Every structure is written in C-alpha cells, then in structure tokens.
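Dear colleague,

Here is the structure I promised to hand over to you. Please look through it first, and then read the notes that follow.

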Amino acid sequence: ANIYWLGRDENVPGEIYPSEFRIDNVLRTALYLGTNVVRSHTLGVSTGHPHSLATGADKHGNLIFNPLAWAPIDYAMDRARDLGLRLI
C-alpha cells in the first residue's frame with residue numbers, strides 16, 4: 001500500500017502532520033485489507049519546507065532538522081511495528 005502522508009499530511013485543511021487517529025486508522029485499514037508492506041516516502045524524505053523533516057541546510061551544508069516533524073514519523077513507525085506491518 002502507498003500511504004505517502006504518514007510523516008507529513010497536506011490532505012486535511014489546517015493540518016500539517018497526520019494525527020495519531022489518522023495514522024492508526026489508515027494502518028489498521030491497510031492491515032484489514034491484507035497489506036503487509038506500506039510505502040511512505042514522507043517518513044524519510046521530507047525537505048525544503050518549514051514543516052518538513054529537513055527544513056534546509058546551514059552555511060556549511062549540514063541539514064537543519066525540524067524537531068516537530070519527528071513525532072508523527074516515530075508514531076507511525078511504532079504503530080506499524082505493533083501491527084506487524086513493514087515500512088519502506
């Protein structure tokens with residue numbers, strides 16, 4: 001299943017990151033439908049926007065990370081593990 005928005009969600013007006021409810025709901029639904037692998041590129045590649053995981057680079061080329069972006073990523077990874085789903 002392709003659930004690209006697990007780390008950053010532009011689908012719900014006013015939301016920047018997916019809620020724990022949305023993450024739980026979609027992962028449980030995927031499991032119910034027989035999914036065992038979920039692709040979600042926003043769990044690792046999210047750059048260039050103030051709400052992204054990596055908001056840009058400093059003058060030395062080191063990435064600048066957004067601490068708020070880690071929470072939905074960590075939650076999605078934990079829930080997927082708890083449900084026996086693999087993430088790529």
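A residue is called buried when its relative accessible area is under 20%, exposed when it is over 50%, and partly exposed in between, with a 1.4 Å probe and protein chains only. Thr35 counts as buried because its relative accessibility is 17%, and of the 88 residues of the chain, 34% count as buried.

Please bear in mind that this is a predicted model, in which local features need pLDDT of at least 70 and side-chain atom pairs count only at pLDDT 80 or more, while totals for chains, interfaces and linings use all residues. Residues are numbered from 1 along each chain as its sequence is written, and side-chain values use heavy atoms, with hydrogens and water left out.

The chain has two helices and four strands, which run α-β-β-β-α-β from the N terminus on; helices (H or I, at least four residues) and strands (E, at least two) are DSSP runs, numbered from the N terminus. The pLDDT, which is the predictor's confidence in each residue from 0 to 100, averages 91 over the chain, and 99% of the residues score at least 70.

Leaving aside neighbours within four places in sequence, Thr35 is in contact (heavy atoms within 4.5 Å) with Ala1, Ala30 and Leu85.
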